[in-house]
Amino acid sequence: MRNIRFMALGVSAVMLLAGCSAGGGGGDSDEIVVGAVYSITGSQASIDEPAYNGFKLAAKEINEAGGINGKQIRVAFSDAASDTTTLTNVVSELIENDGAVALGGTNDSTFALAAGPIAQAAGIPFVASGATLPTLPDQVGDYMFMACYGDDLQAQAIANYSMEELDAKTAWALVDQAYDFTTALNTFFQERFIAVGGEIVLEDSYKSGDTDYSAQIARLQALPTQPDVLFVSAIPNEAGIITQQIREAGLTQPIVSGDGYDTPLVAEVAGDNSKDVYFSTHVSLESEDAVVQNFVKAYTEEYGTGPENAFAALGYDTMNLIADALKRAADDSDPAAVKDALASTQDLVAVTGTISYPEGSRKPSKAVSIMRIVDEVTTFVKVIEP
Amino acid sequence: MKSIITRKNVVLLGGLVLLVILLGVADATLNNYYLRILQLIGIYIVLTASLNLTNGFTGDFSLGHAAFMAIGGYTSALLTMPLAARALQLAELPVWFQEFVSPFPLATVFGGILAAIIALPVGLVVLRLRGHYLAVATLGLLIIVKSIASNWEPVTRGARGLSGLNAETNLWWAFGWAVITIFVVWRMVHSPFGRSMIAVRDDSVAAASRGVHVFRIRLVAFIMSAFFGGVGGALLAHQLTAITPPTFSFDLTFLIVIMLVIGGSGSVTGSVIGAIIMTILPVILRDLERRFDLPGVSQIIIAAALIAFMIFRRQGLMGHRELHPSTWFMKKPATPASVDAPQQ
C-alpha cells in the first residue's frame, strides 16, 4: 500500500512537470501569431463556432494571397469551452505560450469583460467579434477594440427606422432585466425614440427564463390608446415565445427589436404568428453586395455549408481587421504598434459594413442592417448608415 | 513541557521554507499562464481540503461548497471593486458604498466570515438530515444562493455579474491560504475534536453513546468548511476579475467533490493531491486536444477515467491514509491510524 502512496505523489509531481512543459513554442520571425478566443463547445458554441470558422477562413485567404509583409499568419486557438476559468486560462496561454501579437474573439460581453483585462494587462490588443456592450472598450482599456457595432448604434437605427419607415409616434417597450445587452438596448432605444419626437407609452419588464407573458400583454392591452410599435428587448431564447404570445393576443402592430431576434427560433417557435417583425443585425447574408456574396461563397466552399449566422461574418471581419492593422503597423511584431494601427483604422471594407474607428473611440461606426420577418421568412429591408 | 523543536516540526518548517523557495523561483521564472495554473492549484487546494472537513472526516456529504464560494466571491468582489467600476455597476447602492475600497486580504477574510455566518442557520436546518438527504438539501442551498445572485439586481447585477475587479490573487495569496487551510484542517483532524469527527462519521450512534456531541461536531465542521469555501470563492473571483452566477455552477461543486474523491476523502494530503491532479489533468488534455484538433474529447476522457477510477480504486488514491514527510525518516508512523480499520 505504501507504494500506492508514493505512486500518487509521483503522479501528481509528473503532472506538475508535464503541465509546465506543455504548450511552449513561440513564433518564428517569418510568421505572425494571432490568437482566436472562441468556445466551440458549451453554451456559446452555436455562435462561436461559425465565428471561429470565419476567422480561420480570413486567415487562410490572407496567407494564400501572400500573407502580411511577406509573413504568414498562424491562428493560435484553444477551446474556451464556454467557461470563465478556461477562457481566462486560454487567453493567458495564447499570449504567453503562443506569443500572439493580437487576439480576436468572443461574442459575449460578459466573457469579453473577463478576457479583456488579461490582454490589457499584457499589452496585447484584443478585438471583440460580437460583444456589443457599448462601454466594453472603456471598461477594459486602450487595448480593447470592437469589430461589431455597439448596442447604442443598433438601438438608434431601430428607433429611426420605427419613426421614419413605420410611422410610429408611440411605442411600448418590453425589456429583459437579466442582461447587459437587453437593458442597454432598451435604454438607447428609448433615448433615441424620445429625442426624435416619439413617446414611450409603457415600459414593462421580465426576466430571461420566463415563459408566460400574459401579465405584460394584459397591461399593454389595458392602455387607453394602443402604441404604434412594440419594442421587445430580448435574447434569442425568448424572442420566439414573446412574438408568439403577443400575436396570439390579437395585437397586430409591428414588433421591433435588436440582433437578439437574429435567430431561426422566431420563425420556428412563433410559426404563423411570426408576422411583421423588424430587427436590426450586423449583416444580411442575402445582401447582393459583392463583399457579402464573396464571403458567403468562400465560406460555403471551405466548410460545405453556408454561414450559419451573422457571427460567421463578424469572425471573418475580426481577422481582417487585425490583418489590416498588422499591415499598417510600424512593426508587426510589436503589440503596441498594432494597437496604434488598429485605433487608426479607417474605411476598412468588411462583410458587416465599412469599419472606421472615430477619433478616440475603439467602437466602430458601422452600417446597421434592418431585417423583416413575414410568415416565417426573413428578408432584408434596409441598410441604415451611421 | 514538550519542546517545540521536535523532528516533526523541523521537517514541517523545512517543508515550508522549501515551498516558499519553490514558489519564489516559480514566480520569477514562469510566465503568467503557468502562474495562473499554479494559482488555480492553490485555490483548489483551499476548496478541496476544506470540503474534506464535512465530506471526508465528518461523513456529511455536502454538495453546497459552490454556494459558500459564491457568498465569499460576491462579498469580496463588492468590497474590493475599484471606484470607477463601482460607479458604473453599483450606482443604485448608497453613497457611502460608492466611496470606499477594502484591501483584498480583508475582503477575503470577510467573504469567509460571511460564508461561515450563513452556514450557521443553514447548518442548523440541513444537518438534521444525513446521507443522500443532506446531499440534496445542500444542493438546494446552491440553487437558492444562485437564484439570489441572479435576482438581487442592485447588489449582484443579476445575470450580468460583477466585473472590472483587480487581479489581486497571486501565487502568494493562493498558496498562503492553501497552507493556512491545510494547517487548520490538519490540526482539527488530529485533535480530540477530529477524533470525534471521525467517530461521528464511522458510527454516530456509538459516538453519541460515548458522550460525543454529534450535532455540535457536525455543525462546527460545516461552518469551518464554509469559511474556507468563502475564502476560496474570493480568491477565484479575484483571479477571474469577473463573476456571474453561472461561475458557481453545479459543475464547480462536482469538480471539487471529484478532486476530493480522487485524492481520497478522509485524507488531508489526499485532497491536496486530488486538487493538483484535477487542475493539471484538464490542462494537459486541453493541450492534447489542441495538438490533435479534437475539441471536447478531454471531457470524455476525464469522465471515462473517473468511471474507471471508481471501479478500481473507489477509496481514492490515498484512502484514509496520510503522506507525512516526517515519518519517512522514522521507523514508525507518527500519526495514529484511523479509528476504523482501513478498508484495504
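Which domains does the domain assignment of chain A give? In this predicted model, the assignment gives domain 1 as 31-149 + 287-355 and domain 2 as 152-281 + 370-384. The C-alpha centres of domain 1 and domain 2 of chain A are 30 Å apart. Eight residues of domain 1 of chain A and nine residues of domain 2 of chain A form the contact. On the side of domain 1 of chain A that touches domain 2 of chain A, four residues are nonpolar, four are polar and none is charged.

**The sheet of chain A**

An open sheet of chain A is built from seven strands in the order β7-β6-β8-β9-β10-β11-β12, with mixed pairing. The edges are held by β7 (199-206) and β12 (377-384) of chain A; each has a single partner strand, so one side of each is left without a neighbour in the sheet. On average, and ignoring direction, neighbouring strands of this sheet are turned by 25° against each other.

Strands of a sheet pair through backbone hydrogen bonds, either parallel or antiparallel. Strand β6 (residues 170-176) of chain A pairs with β7(A) in the parallel sense, over seven bridges. Ala171(A) has Ile200(A) of β7(A) opposite it.

Helix α6 (residues 151-164) of chain A packs on the sheet. The strands touched by α6 of chain A are β6, β8 (229-233), β9 (255-257), β10 (277-281), β11 (368-374) and β12 of chain A. The direction of α6 of chain A makes about 55° with that of β11(A).

| Helix pair | Axes come within | Crossing angle |
|---|---|---|
| α12 (residues 310-328) and α13 (residues 335-343) of chain A | 8 Å | roughly 115° |
| α2 (residues 32-58) and α12 (residues 214-240) of chain B | 9 Å | roughly 165° |

With axes that cross at roughly 165°, α2(B) is therefore roughly antiparallel to α12(B). The crossing of these two helices, α2(B) and α12(B), is left-handed. Their contact, that of α2(B) with α12(B), comprises 14 nonpolar residues, eight polar residues and one charged residue.

In chain A, the axes of α12(A) and α13(A) cross at roughly 115°, and the two helices are therefore roughly perpendicular to each other. The crossing of α12(A) and α13(A) is right-handed. From α12(A), Ala325(A), Leu326(A) and Arg328(A) meet Val338(A), Ala341(A) and Leu342(A) of α13(A). The residues of this contact between α12(A) and α13(A) are divided into five nonpolar, no polar and one charged.

How values were computed:
Residues are numbered from 1 along each chain as its sequence is written. Chains are lettered from A and ligands numbered from 1 in the order in which they are written. This is a predicted model: local features need pLDDT of at least 70, side-chain atom pairs count only at pLDDT 80 or more; totals for chains, interfaces and linings use all residues. Axes are lines fitted to C-alpha atoms, for helices over the stretch in contact, and angles run from 0 to 180 degrees between N-to-C directions. Helices (H or I, at least four residues) and strands (E, at least two) are DSSP runs, numbered from the N terminus. Angles under 35 degrees count as roughly parallel, over 145 as roughly antiparallel, 65 to 115 as roughly perpendicular and the rest as oblique. A crossing is left-handed if the near helix is turned anticlockwise from the far one by less than a right angle, and right-handed if clockwise. Ala, Val, Leu, Ile, Met, Phe, Trp, Tyr, Cys and Pro count as nonpolar, Asp, Glu, Lys and Arg as charged, and the others, Gly among them, as polar. Domain bounds come from an automatic or database domain assignment. Two residues are in contact if their C-beta atoms, placed from the backbone, lie within 7 Å. Two strands pair if DSSP finds at least two bridges between them.
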